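Trainee: I have a two-chain model to go through. Can we take it step by step?

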Amino acid sequence: MRKVVVRLTELVAVLLIVSFGVFLMVALIPGDPAVAILGEGKPPEQYEELRQELGLNDPVVVRYFDWLGGAVTGDLGNSIMPPQSPVAERLLAAIPVSLQLAAMGLVIALVVAIPLALWSAARQGGLVDRIVGASMFGLLSIPSFLAGLLLIMVLVNDLGWFPRSQWVRVSDSLTGNLHHAILPAIVIALSEIALFTRILRNDLVVTLQEDFVLAARAKGQPPWRIMVGDALRPSSFSLVTLFGISTGRLIGSTVIVEYLFALPGMGSLIVSGAQTGNFPIVQGAVLVTAVIYVLVNSCVDLSYGFLDPRTRRVHA
Amino acid sequence: MFMPDPSRLRGTSLSRRRMALLGGGLVAGGVALVVLALTVASGAGTGLGLVAGTVLAYSGAVRLVWAARRRKVDLLPWLCLGWLVLLGVAALLAPWLPLPEGRNATVALTEPIYLEPLKYGDHPLGTNGAGLDLLSRAIFGARTSMVISMSAILVGITVGGLIGVVAGFYRKGVDRTIGILTNSVLAVPPLILLIALAAILDPGIRNMSFALALLTIPSMVRIGRANTIAFAQREFVLAARAMGASKARIILRELVPNVAMPLFSIAVVSISALIVAEASLSFLGLGIPQPEPTWGNMISEAQAGNTMEDQPFILIVPGLFLFMTVFSFNLLGEQAQRRWDPRSAKL
């Protein structure tokens, strides 16, 4: 119980530091936001009025808590580029797109990686194992933007199987949505497939040498049942740790893919915000992704106890 | 009764001569396939032919070496090392190499645009939409990429490693504070952090290195800390303490040299991640800006209009450079880790 309290205070401390960093990132930018909003050549009183209104004359700490208070209640300021809509509104419209892409990518990665890992672990050192191992290592060395462009070149331009750069909302048409989302999701899945397969295969190979697997073999269970029923769960331990680490990569490749396919998600928002200097958008998007990321990793920590009962008893 | 036949090779039933013949045949077939792919085939056929030809030629080369050295040798690490050395030397000497213009579009005004690779002697890898030489651009891109990632990793190792050693040596409050700070940096996904930094910093080699260094510091802190905790309990540290060595001396003379080795093996693996990160940022238009070439902004040239359909090599040439470099660093990094830091080799 005490451990949980310590972890929670640490979590809060991390979130506070991150939000302060995100706030400072924009607060310390050289240049006057009032000039940026109004444009140059207005009377000085007008700038002063806006500065007063935006609270730019207050000390940094006061401004931080003002901003944080707003952020917690869902007010992340307004976009300084047209359309000058609230940042929170833009983010809310973009989040479902990114979540859908990342989730689809993850599901595709698991659906491909788990059978591949089971297959190559069962035939350790065999031809399948070596081919899968080599191609996964190669796949790991292809950055997602390169893989995405190559797939676009072949599957979209040459073969015409998939559309490019359009997005259909689920509410408009489910099949249309899937048709447009599947290729981006595959691109996101590619590097995750490589990582998941390698890690899970290595863990399975270790697990298969344990006594309980020998016992299952001695009982005469069929090989596939040993693989799926006995070996998979203890081996998925590091896969879950990895899931926590790879969330960061997942978010990264989602950003790249959204930019590549011009999909209206968080990634496109943050990249175009960074390109045009639309800092409130960047600020809001970074804050939201960081919070999501931290929470996912905390959930991963909690799931250890569920997957491996041995960790439940340890009270460090 | 079993007598090994001296003319046979270990690990196979083939004789040396037959293995050499098989190897030679595979190499010839592979090279032929590559040549065919480059001259006759088009579109996806070229790519398939290239990949299949390279794999064939490689497996043939393995067999040739097997026959010559009488045992199986893993050629791939040597090939990777060779590529990195070649690229490194070319990048280092780039300003003095007799390369055609690759950066200044006004100088290349009279050069033909979109020349295909491997067909013209004075532009071995072709030219881009502004008539700039792709080989020259790729080598200058390697230069930028290497300078940025190497300096980032050096800063990361030094700063992160030292912070980690301090955290592991003092423990308690210092350790906890450093832990929370590193967790805060790790709390922002790497690419998002880079984009945010790129949004506020002026793009340039120094700022890019700084942003990437910030990215590597947390993992260096963690590894430095874990290794310090392990080493601090060893006898030689106790002996140094008993002799009355100061804390600074124990840290610098006893702990740092021991922690350095695992840090370096992590560094080799991290370089490839940094190269990818730098390329991604350039690709998004947030890294080193044109006309200065980087692999990322060269690849992003392929996105304009119908370039990918009409001139796929604009994407393929820098893509191959990027892939081969990242692959080489990954492979060598994995080997380095297996040799010097077996505990963390699993991830």
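Trainee: How many residues does the contact take from chain A and from chain B?

Mentor: This is a predicted model, where local features need pLDDT of at least 70, side-chain atom pairs count only at pLDDT 80 or more, and totals for chains, interfaces and linings use all residues. Residues are numbered from 1 along each chain as its sequence is written, and chains are lettered from A and ligands numbered from 1 in the order in which they are written. Two residues are in contact if their C-beta atoms, placed from the backbone, lie within 7 Å. On that basis the contact takes 37 residues from chain A and 36 from chain B.

Trainee: By class, what does the side of chain A that touches chain B have?

Mentor: Helices here are DSSP runs of H or I with at least four residues, strands are runs of E with at least two, and both are numbered from the N terminus. Helices supplying at least two residues each to this side include α1 (2-27), α10 (223-261) and α12 (279-307) of chain A. Ala, Val, Leu, Ile, Met, Phe, Trp, Tyr, Cys and Pro count as nonpolar, Asp, Glu, Lys and Arg as charged, and the others, Gly among them, as polar. The count is 27 nonpolar, 8 polar and 2 charged residues.

Trainee: How many helices and strands does chain B have?

Mentor: Read along its sequence, chain B follows a pattern of α elements. Its C-alpha atoms fill a box of roughly 75 × 75 × 35 Å along the principal axes. The tally is 12 helices and 0 strands.

Trainee: What percentage of the residues of chain A count as buried?

Mentor: A residue is buried if 20 or more other C-beta atoms lie within 10 Å of its own, exposed if 12 or fewer, and partly exposed in between, with C-beta atoms placed from the backbone. Chain B has 347 residues, of which 41% are buried. For the 316 residues of chain A, the value is 36%.

Trainee: Which residues touch the most other members of the largest nonpolar core?

Mentor: A nonpolar core is a set of buried Ala, Val, Leu, Ile, Met, Phe, Trp, Tyr and Cys residues joined through C-beta atoms within 7 Å. The largest has 145 residues. Helix α9 (residues 247-283) of chain B gives the most to this core, with 16 residues. The residues you want are Ile270(A), Leu194(B) and Ile195(B).

Trainee: Which residues of chain B does Ile270(A) contact?

Mentor: Leave aside its neighbours within four places in sequence. In chain A, Ile270(A) contacts Val255(A), Val282(A) and Ala285(A). Across in chain B, the partners are Ile192(B) and Ile195(B).

Trainee: Why are α6(B) and α9(B) called oblique to each other?

Mentor: Angles under 35 degrees count as roughly parallel, over 145 as roughly antiparallel, 65 to 115 as roughly perpendicular and the rest as oblique. The axes of α6 (residues 190-200) and α9 of chain B come within 11 Å. Axes are lines fitted to C-alpha atoms, for helices over the stretch in contact, and angles run from 0 to 180 degrees between N-to-C directions. The pair is therefore oblique, crossing at roughly 50 degrees.

Trainee: Is Arg171(B) buried, exposed or partly exposed?

Mentor: Arg171(B) is in the loop between α4 (134-170) and α5 (172-186) of chain B. Its phi is positive, about 50 degrees, although it is not a glycine. With 13 other C-beta atoms within 10 Å, Arg171(B) is partly exposed.
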